[in-house]
Amino acid sequence: MNPRVFVLTMCTFAFGSAAFIFAGMLEPMAADLGVSTAVAGQLQTAYVLTSAVLGPVVAWLMGRMDRRIVVILGLVIGLVLHLACAIAPNFETLLVARALAGVAGAMSGPAASVAAASLVPPERRGSALALVSGGMTLAFVVGIPIGSVAGAMFGWRATFVVAAILAAVALTAVALFLPSVPAPAKREGGNLDLSAIWPLYLTSFLTFAANMTLNLYIAPIVRVGTGITGAGVAVFQSMIGFGAAMGLWLGGRAADRGAGKAWVLQCIALQSVAMTLHFSATHGVLPHGLAVDGLVLAAVFLAATALFSISPVTQSRLIQMTGGAPVALALNGSVFAMGQALGSTMGGAALAAFGVPAIPATALAASLVALVTLSFVFPRNPKPA
């Protein structure tokens with residue numbers, strides 16, 4: 001593998017870490033800013049909404065620029081905005097900075113993937129793209145937990161300083177080691193029949209919405225379920241990364257076998273089991289101790305495994321049914337982000353109305369809605385483009 005691909009992995013690691021860097025400190029951050037935890041959770045909604053809505057527009061505007069320059073611009077903008085978040089005097093300023101940071105992430109992520117594919121021969125492109133995508137998984141295992149530990153030691157503002165440091169390291173590596181990567185030539189790139197592929201988009205939207213209803217609020221979930229707070233939450237956050245890695249491996253193998261509807265429904269059922277475990281923990285089924293700690297760890301791992309086992313299958317089907325149309329894949333990325341936005345909004349609404357135990361109940365309900373809906377609409381026998 002071209003070692004420069006690892007530089008691009010550092011970029012997705014930095015952006016992936018920044019996306020959820022404050023999740024472990026959500027409650028103390030909300031208290032310090034004078035807002036509720038549910039309102040503070042909308043910082044993530046703003047991040048993913050701007051990423052979903054404006055990301056494709058920015059990508060189109062910069063479509064003919066050198067990919068190295070686009071990556072560098074995204075990292076510079078992200079670095080500045082992370083520092084702005086760290087010194088934000090109030091919640092409103094922090095909200096604006098987070099929204100703009102979402103655009104920076106959406107701008108550089110696709111550019112990093114295109115650059116990785118351009119740096120290797122055609123037969124290694126799949127491995128290169130998987131390696132770059134792995135930066136997001138590594139973010140959950142290492143980057144986000146580091147943010148939680150730093151926040152517990154130095155306050156919630158330190159989490160954004162960590163995000164800025166990760167962006168600075170990636171920026172330095174790109175500036176020193178990444179060569180010029182000209183924009184790809186224009187091409188048609190397949191067909192787009194929305195009447196046939198909308199169930200795949202719906203799958204991405206519903207599954208990410210159900211999962212992110214709970215993931216952003218992992219700190220209060222862990223606190224109520226296990227009694228663990230502060231830096232200890234980082235252990236539970238890292239399980240998201242391990243589960244994502246397992247899910248991508250399983251989902252990739254399933255996609256290679258041509259798995260489809262049955263696989264997706266089984267994964268959603270597994271996600272529903274994970275949400276049920278969270279529901280049991282937050283309702284005091286077991287007293288605090290090793291047993292309930294293990295229960296919550298298992299729930300976090302299973303939910304992430306289930307979610308990321310679905311993504312390779314749906315993306316493989318999408319490529320098969322559209323001939324790899326670039327706009328189809330770009331829309332799928334926006335759908336992911338919209339699902340995350342809905343999930344963080346639902347979780348915040350449940351928390352504000354009924355308290356922490358309502359969050360896994362809402363996530364479970366969303367998972368069951370996805371299970372029932374997709375059992376009817378998910379395409380059984382896709383037609384190739």
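This is a predicted model: local features need pLDDT of at least 70, side-chain atom pairs count only at pLDDT 80 or more; totals for chains, interfaces and linings use all residues.
Now let's move to Ala-366. You'll find Ala-366 in helix α15, which covers residues 358–377. Its relative accessible area is 15%, and since buried means under 20%, Ala-366 counts as buried too. Leaving aside neighbours within four places in sequence, Ala-366 is in contact with Ala-210 and Met-346. Have a look at Phe-208 as well: Ala-366 and Phe-208 are 158 residues apart in sequence, but 9.8 Å apart in space, C-alpha to C-alpha.

Let's zoom out for a moment. The protein has 15 helices and 0 strands. How much of it is buried? Of the 385 residues, 54% count as buried. If you take the contacts with a separation of 6 or more, 86% of them come from residues 24 or more positions apart. For overall size, the C-alpha trace spans about 60 × 50 × 35 Å along the principal axes. A compact globule with 385 residues would have a radius of gyration near 21 Å, and this protein has 20 Å, so the two agree.

Searching the whole structure turns up 5 aromatic pairs. One of them is Phe-20 with Phe-140: the ring centres are 5.5 Å apart and the planes are at 40°, so we call that pair tilted. This pair links distant parts of the chain, with Phe-20 in helix α1 and Phe-140 in helix α7, 120 residues apart. Phe-20 is buried at 8% relative accessible area, and Phe-140 is buried at 9%.

Then there's Phe-22 with Phe-160. Here the centres are 6.1 Å apart and the planes are at 25°, so this pair is stacked. Again, distant parts of the chain are linked: Phe-160 is in helix α8, and the two are 138 residues apart. Phe-22 counts as buried at 1% relative accessibility, and Phe-160 does at 0%.

And where does Trp-156 come in? Ring pairs link Trp-156 with Phe-22 and Phe-160 into a cluster.

Terms used. Residues are numbered from 1 along each chain as its sequence is written. Side-chain values use heavy atoms; hydrogens and water are left out. Helices (H or I, at least four residues) and strands (E, at least two) are DSSP runs, numbered from the N terminus. The radius of gyration is taken over C-alpha atoms; the globule rule is 2.2 Å times the number of residues to the power 0.38. Buried means under 20% relative accessible area, exposed over 50%, partly exposed in between (1.4 Å probe, protein chains only). Contact means heavy atoms within 4.5 Å. Rings of Phe, Tyr and Trp (its six-membered ring) pair if their centres lie within 6.5 Å; planes under 30 degrees apart count as stacked, over 60 as edge-to-face and the rest as tilted.
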